[in-house]
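Please read the following report alongside the sequence and the model.

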Protein chains: 2
Amino acid sequence: MSPEVQVLNLAKAGRDASQKLLSTTGPQRNRALLILADLLEGAHQEIFMANKKDMDLAQAQGLDEARCERLRMTPAVINAMAEACRHVASLPDPIGEIEGMIKRPNGLLVGRMRIPLGVIAIIYESRPNVTIDAAILCLKAGNSVILRGGSEAFHSNCILAELLQKALVQAELPAGCVQMLPTTDRAAVRELLALDQYIDVVIPRGGEGLIRAVVKDATMPVLKHYHGVCHIYVHKDADQHKAVAIVENAKVQRPGVCNALECLLVHQDIAAEFLPRLAVALAPHKVVYRACDRSLPLLDNAQAASPEDYGQEFLSLTMAVRVVDSQAQAQEHIATYGSGHSEAILTQNHDRAMHFLSVVDASCVLINASTRFNDGGELGLGAEIGISTSKIHAYGPMGVKELTSLKFIVLGEGQVRE
Amino acid sequence: MSPEVQVLNLAKAGRDASQKLLSTTGPQRNRALLILADLLEGAHQEIFMANKKDMDLAQAQGLDEARCERLRMTPAVINAMAEACRHVASLPDPIGEIEGMIKRPNGLLVGRMRIPLGVIAIIYESRPNVTIDAAILCLKAGNSVILRGGSEAFHSNCILAELLQKALVQAELPAGCVQMLPTTDRAAVRELLALDQYIDVVIPRGGEGLIRAVVKDATMPVLKHYHGVCHIYVHKDADQHKAVAIVENAKVQRPGVCNALECLLVHQDIAAEFLPRLAVALAPHKVVYRACDRSLPLLDNAQAASPEDYGQEFLSLTMAVRVVDSQAQAQEHIATYGSGHSEAILTQNHDRAMHFLSVVDASCVLINASTRFNDGGELGLGAEIGISTSKIHAYGPMGVKELTSLKFIVLGEGQVRE
């Protein structure tokens with residue numbers, strides 16, 4: 001079979017499976033997830049062996065330490081995947097929910113019913129556990145999924161895909177519900193992305209290069225998860241004690257993630273008091289600053305900010321700092337340099353807080369809280385497949401519900417249109 | 001200025017305007033719509049003159065009668081546009097609505113606030129009134145819009161764009177809220193579709209060729225409005241009297257539109273009784289049939305269906321007919337040949353109706369009602385910009401609310417993440 005035909009058959013099988021999934025029940029899909037949890041726990045040895053092949057290859061190819069770490073499957077990682085399966089199984093089934101039923105003047109009942117999206121392609125990089133996390137969320141929401149993981153995790157992903165297949169068979173669900181592109185060839189991805197008659201949406205998870213490549217080739221909609229250039233604006237009426245704690249949390253708790261703070265904006269009236277207080281709190285963490293003219297003299301460990309430091313995702317203990325004349329200037333800065341991810345204001349002034357909340361465009365806008373809360377678990381979604389920075393369909397953390405759509409339903413008694 | 005720079009500036013101006021729109025109020029945006037209504041009513045002469053240029057050119061170029069008709073702006077068309085402005089102004093403002101506010105265990109209040117999508121590009125064909133309909137819906141929902149109409153309506157669209165600009169100025173809104181691509185050059189469209197850093201979504205309205213071309217070039221998400229291959233399944237427990245009326249309405253009331261009936265599926269147990277009854281009712285309308293082996297002897301005006309007749313959008317008084325063994329076969333037929341638009345079952349059996357409702361994948365699934373009801377006005381949306389057949393973001397008629405998104409909002413009192 002030629003590679004083109006192989007990809008086409010995969011997409012068709014995904015479509016078939018998605019149609020069969022429409023007749024399955026939530027408990028049946030949950031059963032597959034619970035079986036998978038048991039299978040994962042019983043397959044530690046097989047997973048380690050497959051993972052070792054990837055790790056050996058990675059080391060032989062001289063992959064950097066951080067990437068090797070992301071690749072490694074420890075007992076803790078495997079157990080966390082099994083727990084994720086059980087947790088997702090315990091979440092409410094969104095499919096079939098009916099919203100907003102109204103009665104029209106002609107007596108028609110009109111509402112919307114929640115349905116699966118259909119066939120979802122997920123294209124991702126290093127971490128093999130994404131294979132399980134992505135597959136179980138898609139399946140929970142009644143979607144079939146086509147996975148394409150990073151080439152460096154190929155062997156690990158293959159064993160996980162095998163376990164997924166076993167779980168599907170045991171739960172009497174079609175094998176096409178979860179499929180893996182059986183090659184790391186880039187041409188195969190391009191072929192997949194041309195098949196919008198079979199695939200409803202593609203979700204790339206990885207660096208900007210991957211996302212750009214997917215957007216360029218995809219004929220179906222792409223739900224993008226770009227980087228986070230997150231700001232906190234400390235208004236002059238902020239509770240400075242709380243503000244120090246929030247900025248510290250947002251910057252240092254886990255600096256390498258997308259909802260970590262990258263740029264602090266401080267109102268000019270409080271900068272001389274607030275910034276030195278903050279610097280004391282952040283000193284033990286060895287935070288370094290790229291500071292504007294006015295903040296530079298107020299901070300140790302600071303160097304003058306260059307224009308590129310604004311809008312930069314440092315993903316480290318480096319932070320840009322700017323003193324602003326007004327809230328309007330802070331909001332303008334965010335509109336110019338923000339990436340639509342997470343933006344916060346710290347203030348005790350209700351009007352100013354509500355203005356910020358209304359006007360700032362980001363997937364999550366926060367008042368008096370750390371940007372680190374922009375996360376599916378923290379916002380109450382139960383589990384997430386990533387944080388969308390596209391405004392279409394889903395903006396912010398995407399949970400099970402965000403992997404569904406709504407169709408109109410009309411219940412009549414013989415009505416015809418005038 | 002080079003054409004590339006012109007398109008780029010247009011996109012940037014659209015982005016700037018969309019950010020300024022975030023600080024406007026609903027009443028301010030409504031004011032622009034009401035001013036526009038008055039301007040349209042006062043500009044009959046200018047509009048006719050511009051439209052005459054397009055009509056003369058169309059006739060000189062030998063455009064067919066149907067396309068010329070779509071191009072023509074009569075007093076009724078102009079008054080209908082003015083009325084649409086007033087109607088859309090009267091609809092509730094969706095922006096700033098907050099949904100599903102919950103309290104997290106740590107005391108954070110978490111919900112979602114409705115926001116504009118941002119910058120919307122709309123690429124459409126003949127009818128110049130789409131210029132007004134699309135612009136006012138986008139503006140109502142706080143979006144800026146970039147319009148690109150059909151080349152044959154260029155002069156008509158230009159005068160309408162001028163009136164739109166006047167209304168924006170009088171309502172003190174930025175000129176960039178509504179812009180028209182000042183050329184009918186296709187290369188300019190391709191450039192526009194590459195600018196996903198400025199444009200959030202593109203909506204093509206027109207034939208399949210236009211939609212395919214937009215999907216191919218667009219780097220931002222595309223909300224597709226494909227054709228409608230709509231089915232009605234007459235179950236054996238249908239009320240046949242009502243069923244005849246519904247099929248008649250769905251087929252003949254306006255056969256040239258996307259929610260009209262294209263293929264009738266009838267259960268074998270009632271075919272011999274139902275089809276001749278139906279044929280009597282449809283005879284005065286001169287409906288012709290493409291019939292399967294079993295329905296062919298039961299219908300006058302019928303010829304044997306060829307395989308291509310299934311899945312065909314006739315947009316005329318031709319209708320495909322197939323007798324099926326079971327509801328499962330009807331649903332399989334719909335899954336194979338339907339276009340995800342409008343699908344109906346006619347039956348008095350509650351279980352069978354609910355099964356059809358759950359399992360059939362279409363933007364609108366109807367029980368005992370005409371497929372013609374899949375329309376924004378009929379379903380209670382107030383106004384619509386088209387009927388989406390993409391499941392992402394909005395499936396079915398798109399009204400003002402479907403031109404918005406939701407962002408997460410988090411109200412804290414100093415919370416940090418553990």
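The report below goes from domains and cores to the chain contact, the strands and selected residues.

## Basis of the model

This is a predicted model, in which local features need pLDDT of at least 70, side-chain atom pairs count only at pLDDT 80 or more, and totals for chains, interfaces and linings use all residues. Residues are numbered from 1 along each chain as its sequence is written, while chains are lettered from A and ligands numbered from 1 in the order in which they are written.

## Domains and cores

Chain A is assigned two domains: domain 1 (3–225 + 394–410) and domain 2 (230–374). The bounds come from an automatic or database domain assignment. Taken over C-alpha atoms, the centres of domain 1 of chain A and domain 2 of chain A lie 36 Å apart.

The largest nonpolar core holds 152 residues. Such a core is a set of buried Ala, Val, Leu, Ile, Met, Phe, Trp, Tyr and Cys residues joined through C-beta atoms within 7 Å. A residue is buried if 20 or more other C-beta atoms lie within 10 Å of its own, exposed if 12 or fewer, and partly exposed in between, with C-beta atoms placed from the backbone. In this largest core, A:Val202 and B:Val202 touch the most other members. Beyond four places in sequence, the contacts of B:Val202 are B:Ala121, B:Ile123, B:Leu193, B:Val214, B:Ala218, B:Met220 and B:Val222. Contact here requires C-beta atoms, placed from the backbone, to lie within 7 Å. A second, separate core has 58 residues, among them A:Tyr233, A:Ala271, A:Leu282 and A:Leu357.

## Symmetry

Two copies of a chain are related by a rotation about an axis and a shift along it.

## The contact between chains

Chain B gives 64 residues to the contact, and chain A gives 64 residues. On the side of chain B that touches chain A, at least two residues each come from strand 2 (109–116), helix 9 (208–217), helix 10 (240–252), helix 13 (350–359), strand 13 (364–369) and strand 16 (404–415) of chain B. Helices (H or I, at least four residues) and strands (E, at least two) are DSSP runs, numbered from the N terminus. Strand 16 of chain B supplies the largest share of that side, eleven residues.

By type, the side of chain B that touches chain A has 31 nonpolar, 20 polar and 13 charged residues. Ala, Val, Leu, Ile, Met, Phe, Trp, Tyr, Cys and Pro count as nonpolar, Asp, Glu, Lys and Arg as charged, and the others, Gly among them, as polar. The copies meet through the same surface, because 100% of the interface residues of chain B are also interface residues in chain A.

## Strand pairing

Strand 13 of chain A runs parallel to strand 16 of chain B, with five bridges between them. Two strands pair if DSSP finds at least two bridges between them. Across this pairing, A:Val365 faces B:Ile409. Within chain B, B:Ile409 of strand 16 also stands opposite B:Gly111. Strand 2 of chain B and strand 16 of chain B are antiparallel, with eight bridges.

Strand 2 of chain B also pairs with strand 1 (residues 98–103) of chain B, antiparallel, through four bridges. B:Glu99 has B:Arg112 as its bridge partner in strand 2 of chain B. These two strands form a hairpin with five residues between them, and B:Gly107 in the turn has a positive phi of about 90°.

## Selected residues of chain A

Most residues other than glycine have a negative phi. A:Asn301 has a positive phi near 60°. Its place is the loop between strand 9 (288–291) and strand 10 of chain A. A:Leu315 also has a positive phi, about 55°. A:Leu315 lies in the loop between strand 10 and strand 11 of chain A.

A:Glu313 is in the loop between strand 10 (302–304) and strand 11 (318–324) of chain A. A:Glu313 is partly exposed, because 17 other C-beta atoms lie within 10 Å. Beyond four places in sequence, A:Glu313 contacts A:His227, A:Gly228, A:Val229 and A:Glu262.

Definitions and conventions:
Two residues are in contact if their C-beta atoms, placed from the backbone, lie within 7 Å.
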